[in-house]
Amino acid sequence: MNAVLTPPAARTTPQWQAADAAHYLHPFTDFKALAGKGSRIITHADNIYLWDSDGAKILDAMSGLWCVNVGYGRQELIDAATTQLKELPFYNSFFQTATPPAIELAELLAEVAPPGFRHVFFTGSGSEGNDTIVRMVRRYWDVLGQPERSVIIGRKNGYHGSTMAGASLGGMAGMHAQGGLPIPGIVHIEQPFWFALGKGKSREDFGREAAGWLEAKILEVGADKVAAFIGEPVQGAGGVIVPPSTYWPEIQRICDKYGVLLVSDEVICGFGRTGNWWGCETFGFKPDLMTFAKGVTSGYIPLGGVMVGDRVAKVLIEQGGEFNHGYTYSGHPVACAVALANIRLIQRERLVENVRGDLGPYLARHFAALGDHPLVGEAQSVGMMGALQLVRDKASGALFDEGLEVGMVCRGHCFANGLIMRAVGDRMIIAPPLVMTHAQIDEMVALIHRCLDLTQADVRQRGWA
Ligand SMILES: Cc1ncc(COP(=O)(O)O)c(C=O)c1O
C-alpha cells in the first residue's frame with residue numbers, strides 16, 4: 001500500500017493529469033497524444049452543467065455520452081441505488097433465481113415498450129446488447145431449422161458498440177481497420193445520408209432509394225441467408241444523421257417481404273430522446289428486437305438489454321430449449337433499481353411528452369436558425385438531438401478537406417467557452433438532457449453561435465475558405 005497517496009480532492013489539475021497519463025488508457029483515444037496534452041478533469045455536475053478541476057462551468061450539450069437524460073444530481077436515483085446496495089447489492093439470474101428489481105424492471109419496460117414487446121434480456125451495456133442480438137437472431141433461425149440464415153446486414157457509419165460483434169455490426173471504417181473486423185456473416189449497406197449522398201434528389205426520393213439498397217443486398221446475399229437488418233433510427237455517433245421520412249417505412253416493407261428480422265438499435269434514441277419512448281415510434285416502424293442502454297438509467301449506472309418482440313420470444317421460449325448466453329451482470333439489482341427510479345421519474349415529469357410537444361419543437365426552431373450561419377450547410381434536429389454540417393462554401397455545400405479537421409477546431413472553441421459539443425468529422429452534434437428549460441436552450445444556442453463565429457474567424461485567418 002502506498003502510504004503517501006494524495007486524497008483525491010486535494011490534487012491539483014496537473015497532478016490529476018500526470019497520474020491519468022501514467023496509468024489510464026482512455027477509450028477511442030490516441031494515448032500518446034493525450035498524455036502530451038493532458039485530460040480535462042471533470043469533478044462534479046448538477047442539472048445540465050459540469051465543473052472541471054479548475055472550477056470552470058460547462059454546459060453539457062451531450063448528456064455525458066447521450067445518456068444523462070434526466071440531468072445530473074437527481075436524488076431519487078441516488079436513493080434507489082443506496083437503498084438497493086444495502087438490501088441486496090448483487091445476485092445473479094443464472095441459477096433459476098431472480099431479484100425483485102430485475103423482475104419489476106422487466107415488467108415496467110414491457111409497459112413502456114411498443115405493443116408486442118413483453119420480454120427483455122438484460123446486459124451491462126449497449127455493446128453487450130448488440131452481441132446478444134447477434135446470438136439471439138442466429139439462435140432464432142437455428143431453432144426454426146434454417147441455420148444457414150445467419151447473415152446480418154448493418155450500415156456504413158452505423159455505430160453499435162465496441163465489442164467484436166458490436167463493432168462488426170457497426171460500419172465504422174476506423175474500427176474495422178483494427179483487429180480483423182467485421183467478423184464473418186456481417187455485411188453493410190450505405191447510410192441514408194442525404195447531404196452526402198442524395199444531393200439533387202428530393203429527400204423523400206432519396207429515402208426510398210437508400211432503403212432500396214437493403215433489398216439489393218438481400219438479393220445479392222440470397223434471401224434465404226439473411227437473418228436480420230440492424231439500424232439506429234437516427235445514426236448518432238455517425239453524426240446525428242436524421243433519415244428522410246420515407247426511409248424506415250420502406251425498410252420495414254422490405255424486411256417484411258423477405259421475412260428478415262428488423263432490429264432497432266435504440267441505445268441513443270430510446271427513453272424519450274426523439275420525442276417518443278422509442279425512436280422507431282418517431283420514424284414509424286415496428287422492429288422485432290430493440291437494443292437499449294444509456295437512457296434506461298440516465299447513465300447513473302451501467303445497464304443495457306434487448307427488448308424481445310413476440311415473434312422471436314415465442315420461438316425462443318416455446319421451442320428454443322436452453323439459450324447458452326448471459327452475463328454476470330444481467331439484471332444487476334442495483335442497476336435495475338436505478339432504472340426503475342429513472343423510468344418512473346421520466347413518467348412522473350412527463351419528459352417524453354415534453355420533448356415531443358415543447359422542448360423538441362423549441363430546440364428545432366432555434367437550431368434551424370443556426371443553419372443561417374455562413375459556416376453551416378445544414379442544421380438538422382429531431383427531439384433533443386441535432387447536427388450542424390460545417391461547409392467551406394455555403395452556396396454549393398462544398399465540404400472542407402478532411403485533413404483540416406475544422407470540426408475539431410470548432411470543438412476546441414466549444415471546450416474553451418464552456419460548452420460540450422461533439423465533432424464527428426465536420427458535423428457538430430448535440431444531444432442535451434431532456435430536462436432543459438427554454439432559457440437553457442437559448443443559452444446553449446447562443447454559445448454554439450459564438451463558437452461558430454470563432455471557428456469561422458479561424459477558418460478565414462488560415463485561408464481555408
Ligand atoms: C446506437 C448505439 N448502440 C450501441 C452503443 C454501445 O453502447 P455501450 O457504449 O454502452 O456499449 C452505442 C454507444 O454510443 C450507441 O450509440
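## Salt bridges along the helices

A salt bridge is a side-chain nitrogen of Lys or Arg within 4 Å of a carboxyl oxygen of Asp or Glu. In this predicted model, K314 forms such a bridge with E318, and the closest N and O atoms of the pair are 3.2 Å apart. Both K314 and E318 belong to helix α13, which covers residues 310-319, and they stand 4 residues apart, about one turn of the helix. K314 is exposed, and E318 is exposed as well. By the rule just given, the count of salt bridges comes to 17.

Another pair sits in helix α10, residues 203-221, where R208 and D205 are 3 residues apart, about one turn of the helix. The side chains of R208 and D205 meet in a salt bridge with an N to O distance of 3.0 Å. R208 has a relative accessible area of 40% and is therefore partly exposed, and D205, with a relative accessible area of 43%, is likewise partly exposed. In helix α11, residues 247-258, E250 and R253 are also placed 3 residues apart, about one turn of the helix, and their closest N and O atoms are 2.8 Å apart in a salt bridge. Here E250 counts as buried because its relative accessible area is 18%, where buried means under 20%, whereas R253 is partly exposed, with a relative accessible area of 39%. Apart from these pairs, R74, E76, R348 and E349 are linked in a network of salt bridges.

## The surroundings of the ligand

Which residues are around the ligand? They are S125, G126, S127, N130, Y159, H160, G161, E232, D265, V267, I268 and K294. Sorted by class, this shell has 3 nonpolar, 6 polar and 3 charged residues. Helix α6, which runs over residues 126-143, gives the most to the shell, with 3 residues.

Several side chains of the shell can be followed to particular kinds of ligand atom. An N or O atom in the side chain of S127 is 2.5 Å from an oxygen atom of the ligand, and a polar side-chain atom of K294 lies 3.0 Å from an oxygen atom of the ligand. For D265, an N or O atom in the side chain is 2.7 Å from a nitrogen atom of the ligand. On its own the ligand has 390 Å² of accessible area, and the protein covers 84% of that area.

## H160 and its partner

H160, one of the residues around the ligand, is placed in the loop between β5 (151-155) and α7 (164-169). The side chain of H160 makes a polar contact of 2.7 Å with the side chain of D265, and D265 is itself among the residues around the ligand. Is H160 buried or exposed? H160 counts as buried because its relative accessibility is 3%.

## A nonpolar patch on the surface

On the surface, F90, Y91, F94, F95 and Y329 form a nonpolar patch, and together these residues have about 560 Å² of accessible area. F95 counts as exposed because its relative accessibility is 59%, where exposed means over 50%.

## Local features of the backbone

The peptide bond that leads from L181 to P182 is cis, and its omega is near 0 degrees. P182 has its place in the loop between α8 (173-176) and β6 (186-189).

Positive phi values, in residues other than glycine, are found at F28, where phi is near 45 degrees, and at S63, where phi is near 50 degrees. F28 is in the loop between α1 (13-23) and α2 (31-37), whereas S63 is in helix α3, residues 63-66. With a relative accessible area of 61%, F28 is exposed, but S63, with a relative accessible area of 0%, is buried.

Key. Residues numbered from 1 in each chain as written. Predicted model: local features only at pLDDT ≥ 70, side-chain atom pairs only at ≥ 80, totals over all residues. Heavy atoms only, no water. Near = heavy atom within 4 Å. Polar contact = N/O pair within 3.5 Å; in protein donor to acceptor, adjacent residues only side chain to side chain. Areas by Shrake-Rupley, 256 points an atom, 1.4 Å probe, with all protein chains shown as cover. Helix = DSSP H or I, 4+ residues; strand = E, 2+ residues; numbered from the N terminus. Nonpolar A, V, L, I, M, F, W, Y, C, P; charged D, E, K, R; others polar. Patch = residues over 30% accessible without salt bridge, like charges linked within 9 Å, V, L, I, M, F, W, Y side chains within 5 Å. Buried < 20%, exposed > 50% of the residue type's maximum accessible area, 1.4 Å probe, protein only.
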